[in-house]
Every structure is written in structure tokens, then in C-alpha cells.
Amino acid sequence: MIKDKPILSVQNLTVNFDAPDGRVGAAVDEVSFKVFPGKTLALVGESGCGKSMTALSILGLIPSTGEIGNGTIQFEKLNLLDLDSSDLYPIRGNQISMIFQEPMTSLNPVLTVGRQLTEALVFHHKLPINEAEQKILQMLDRVHIPEPRTRLKQYPHQMSGGMRQRIMIAMALSCSPKVLIADEPTTALDVTIQAQILDLMIELQEEFNTAIILITHDLGVVAEMADQVAVMYSGKVVEEAPVISFFNNALHPYSRGLMNSLPRLDSSSTNNAPERLIEMPGVVPSIFSRPKGCSFAPRCPLVTNKCLSVEPPFEKKQHDHYVACWEIKRSA
């Protein structure tokens, strides 16, 4: 594992939700990972695997129907789970920022972009509005927003999706946070804009030495951005490895399924017929009706009777490569 001191350490985090019929389900189930300054950790998995809920837990933003059941979230010397909402105000949006998944719904439609961008600087750094505006203009220039002074007077609906996403990045980075959480930062953007957004995040990370938690289901984005990969399934981390090790030798059957479902430019086909993608059968189980044993067992090609009855431990299988699977053996 990386030997530097982590800026953020999540240990055994569990987030529970109550169903109307009284059942309790864990959307996040004993999740642990570390994030280091200047590095990017990618949380990967299908929708419903617990990635976004993990991120919201870090900022204390889980819905009112959920609660933290267990764990610690250590940010520098603070356990964020020991803090109430008022104690989190100086940290949220200042030292830890988040780029939310949908910029159109994350930005307030009835406030100008300038009002929303300067708010964090006025609140956290106590800057006069004119100084905050000057700093925001510099940040908008950094994220390649044309005519930034004009944009300050505009509303979100007057901008394209790519420009709104750049606004969200500028907002998240305006206070120079130590940790940036990016939840599907390129969703619904065309490939050209996606590439520009990723290049921008890498550029700003190098300048500010920001630690990034990248939440995505796009393995192409992971290959471009990440240093470390943690694969989540049904609320748990089932595999974690350095990015090169992960792409060279994904071990967990779920990780292999994700890799095999990617379209390939070098794939061959007969009679010029298009080659079908390999799909994984089934869906992620509900948090209120998880199967006994390994949650992936009903979809797994390697399933055994032991998988159906006993949950596998998350353990080291190879150098710096951790997996939760009975059928993956430890290397010597």
C-alpha cells in the first residue's frame, strides 16, 4: 500500500436505512479506504453499490432516513462522525468539497452563478464581496470559462452542460480544498467535453496537491485519472488495488465482469458481424434483501456452496491487492 500519511481515512463505515416494513438495510457496509494528498482513489461499481452514499457520509449529507451505524471517518486529526452539523460547516465546501453528479440540479436555478460561486469564499474566508468576485474570476479563467465576468450575471439554464460542470469544479475548488469528491463528474457530457474536464481536474490536482475521491462506473475514466481503485458491490468494497495492478489483473469475478463488459476496439468478429458484449446476469440486490454469504454469489460464475453460506473476508491476495472472494487464492 502507499506509505505516505493519508489525508482522509475511512474505517468500517456502515450506513443503515429503515424500510417502511421495519427492515433495516446497510447501504454502506463496513467500508474502509484511505485517500492521500495529490492522489486519486476511484470508487467503482454499478448504480446502487453504495458509492455516492459513502461520499455523502463523509460530508454528513446522508438523507434523514439513514444513520451511521458504525465506523470512523478520520480527516487529519478529526473524526468527522464525532462532529455535529455546525462543527462541519468550516470543513464542508472549504477543506472537503464535492462535485455533485448533476450540475443542473445541484446549482440553484433562481440565483446567478456569481452569487453561488462567491458564497463559499464570503462564508469560509470572510472575504468582502468584491475580493471574492475577483478570486472567482481567476478561478473561472482557470477552468477555461470564456467571458467569465459575463457568466457571473447569468443563471445556470443559460449555460451548456459542459460549462455548468466547469462552474461546479470552480465552486468546489474555490477554497482550495484538501479533499475533492467528484461524483460522476463527466456523466451526460460528450466525449470531447469529458476529456477536457478530466484534463482540468488533473491539472488542478497537480497545482493544489488535492486528494481526489472519484466516483464512477466508467473504467475508461478510472484508467485516465486514478492511482488506486476500490470496487464496490452491494455496499461493500470487494477489491482494492493500484490502478495498474487492477487493469493488468483484476481478481474478483465482479471486477472481471465489469472489465469484460467494456467494448473493445481490437475485438475480432466473424463474417464482419458485430461482436456482442459480455454481460453479467442479474442485478445488484436490494439492501433489504441481500442473500446469505457472498452478495455476488447469485451472479457469480465461480460460485460454490461455501459462497452461498459464508461471507468471504476482505484480505490480501497479492502484493498491494486485496479481494473478498473464496475462490481467489493467495499468491506465494
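Mentor: Tyr233 and Phe296 are both buried. This is a predicted model, in which local features need pLDDT of at least 70, side-chain atom pairs count only at pLDDT 80 or more, and totals for chains, interfaces and linings use all residues. Residues are numbered from 1 along each chain as its sequence is written, and side-chain values use heavy atoms, with hydrogens and water left out.

Trainee: What makes the Tyr233 and Phe296 rings an aromatic pair, and of which kind?

Mentor: Rings of Phe, Tyr and Trp (its six-membered ring) pair if their centres lie within 6.5 Å; planes under 30 degrees apart count as stacked, over 60 as edge-to-face and the rest as tilted. By this rule there are 5 aromatic pairs. Tyr233 and Phe296 are 5.1 Å apart, centre to centre, with 85 degrees between the planes, and the pair is therefore edge-to-face.

Trainee: How do you know that this pair links distant parts of the chain?

Mentor: Tyr233 is in strand S9 (residues 228-233) and Phe296 in the loop between helix H11 (253-260) and helix H12 (305-309), 63 residues apart. Helices (H or I, at least four residues) and strands (E, at least two) are DSSP runs, numbered from the N terminus.

Trainee: And why is the pair of Phe314 and Tyr322 called stacked?

Mentor: The centres are 6.1 Å apart and the planes 25 degrees apart, so both values fall inside the cut-offs for a stacked pair.

Trainee: Why does Phe314 count as partly exposed?

Mentor: Buried means under 20% relative accessible area, exposed over 50%, and partly exposed in between (1.4 Å probe, protein chains only). Phe314 has 36% relative accessibility, so the middle class applies. Tyr322, at 23%, is therefore partly exposed as well.

Trainee: What makes S11 and S12 paired strands?

Mentor: Two strands pair if DSSP finds at least two bridges between them. S11 (residues 315-318) and S12 (residues 321-323) are antiparallel and have 3 bridges, so they qualify. Glu315 stands opposite Val323 in S12. The two strands form a hairpin with 2 residues between them, and Asp320 in the turn has a positive phi of about 60 degrees.

Trainee: How do you know that the charged end of Lys306 sits over the ring of Trp326?

Mentor: The rule wants NZ of Lys or CZ of Arg within 6 Å of the ring centre and within 35 degrees of the ring normal. Lys306 is 3.8 Å from the centre of the Trp326 ring. Lys126 lies over the face of Phe123, 5.3 Å from the ring centre.
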